[in-house]
Amino acid sequence: MNSANRTAPPPKPLYIEPDADTRLRLDHNALRIERPGRAPQTLPLRRISRVYLGHHVHIATPLIRACAERGIIIVLQDEHGQIDARIIGRTGAHTRLRQRLYDLTDRPDWRIRYSDWKRAMRRRIGNTLRHRLGAPRELRNRPEKLQQWIDRQLARTVGARTAETTRRHIRRAAVGWMQQRLFQEGVGAENEQWLTGSADLAQDLGGLLAYRMETLRYGWLQGRARVARERNERPRPPAPRLIVRKIENHRGRTARLGNDLINRLHRWLIELE
C-alpha cells in the first residue's frame with residue numbers, strides 16, 4: 001500500500017437535498033451531479049459511504065448499480081425529510097451474525113423473542129439517558145415517557161419545530177449508518193425477512209442508536225439556547241447543513257454506540273443457542 005492510500009480520508013455520507021430538480025448519473029467511477037443553470041459536479045464513489053437524496057433528485061439506474069456493488073447505501077426521502085426507501089446491494093460471504101439471524105427465524109417464537117429484546121434495549125438506553133440528563137426518577141424503565149420529557153424540555157427552550165427537525169435528522173443519519181454497518185456484517189438485499197415490515201433490522205437498530213444519541217441532541221440544543229439567552233436573543237433554528245455538520249463531527253461516537261448495539265444483538269443471539 002502506498003502512502004497516498006494510507007492517508008486517504010475515510011468515505012463520508014453525501015447529502016443532496018436541492019430545491020430544484022437535480023439529476024445524478026454515473027461518470028466512470030464517480031457520481032455526477034447535474035443541476036439546471038450550474039456546472040456539473042463529480043465526486044469519486046470511493047469517497048462516499050452513504051447517499052441521502054431529497055425528493056427533487058432523479059438518479060440513473062447505472063449509478064444505483066454502481067453504488068450497490070460498492071456497498072454504498074442510498075436513502076430516498078420525501079419532501080418532509082422522512083425516509084421513503086433504502087437501496088442496498090448484495091453482500092459478500094456469509095457471516096456469523098447473518099447466520100445467527102437465520103437461525104433465530106427458524107424458531108416459532110422468534111418475533112416475540114426479538115420484540116422482547118428490542119424493548120429491553122430501549123429500557124436500558126432510556127435508563128442511561130435518564131441518569132445523564134437528570135430526568136425525574138419516576139421515568140426509570142419508561143423509555144417512551146422519557147422521550148416525551150426530552151421533547152418537552154427542548155420545545156420549551158428552542159421550539160417544537162427545531163426539536164423535531166433535529167431529531168429527524170439524527171434518526172435519518174443513524175438508520176443510514178446502521179444499514180451500511182449491517183451490510184458489512186452480511187445482511188444485504190438477499191435478506192428480505194430482516195429488511196421489511198416488523199423485522200426491519202436497520203430501522204430497529206437505527207432507532208435505538210438515535211435514541212442513544214439523544215444526549216448529543218439535548219446538550220447541543222440546550223447549549224444553543226443558553227448562548228441565545230446570554231445575548232438576549234431568541235434561539236434560532238439551526239440550518240440543515242449545521243445539523244449535518246454536527247452529526248458528522250461525532251462520527252466516532254456514532255460508530256462506537258452503533259457497534260455496541262450490534263455486539264449486544266450478537267451476544268443475545270449466541271445466548272439463545
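This is a predicted model: local features need pLDDT of at least 70, side-chain atom pairs count only at pLDDT 80 or more; totals for chains, interfaces and linings use all residues.
Residues are numbered from 1 along each chain as its sequence is written, and side-chain values use heavy atoms, without hydrogens and water. Local features need pLDDT of at least 70 and side-chain atom pairs count only at pLDDT 80 or more, while totals for chains, interfaces and linings use all residues.

**Stop 1: the cavity**

Select Ile170, Leu216, Arg217, Trp220, Ile243, Lys246 and Ile247. They line the largest cavity (on a 1 Å grid over the protein atoms alone, points where a 1.4 Å probe fits but cannot get out; lining residues have an atom within 4 Å of a point). Its space is about 40 Å³, the volume filled by probe spheres set on the points. The whole structure has one cavity of 30 Å³ or more.

Now colour helix H8 (214–230) and helix H9 (240–248). Each gives the lining at least two residues. Helices are DSSP runs of H or I, at least four residues, numbered from the N terminus. The lining holds five nonpolar, no polar and two charged residues.

**Stop 2: H3 against H10**

Show helix H3 (residues 96–105) and helix H10 (residues 251–272). Their axes, lines fitted to C-alpha atoms over the stretch in contact, come within 10 Å and cross at roughly 50 degrees.

Next, select Arg96, Leu97, Arg100, Leu101 and Leu104 in H3. They contact Ile262, His266, Trp268, Leu269, Ile270 and Leu272 in H10, with heavy atoms within 4.5 Å. By class, this contact has eight nonpolar residues, one polar and two charged.

Methods: On a 1 Å grid over the protein atoms alone, a cavity is a set of points where a 1.4 Å probe fits but cannot get out, and a pocket is an open set with protein on both sides within 12 Å along at least five of seven lines; lining residues have an atom within 4 Å of a point. Ala, Val, Leu, Ile, Met, Phe, Trp, Tyr, Cys and Pro count as nonpolar, Asp, Glu, Lys and Arg as charged, and the others, Gly among them, as polar. Axes are lines fitted to C-alpha atoms, for helices over the stretch in contact, and angles run from 0 to 180 degrees between N-to-C directions.
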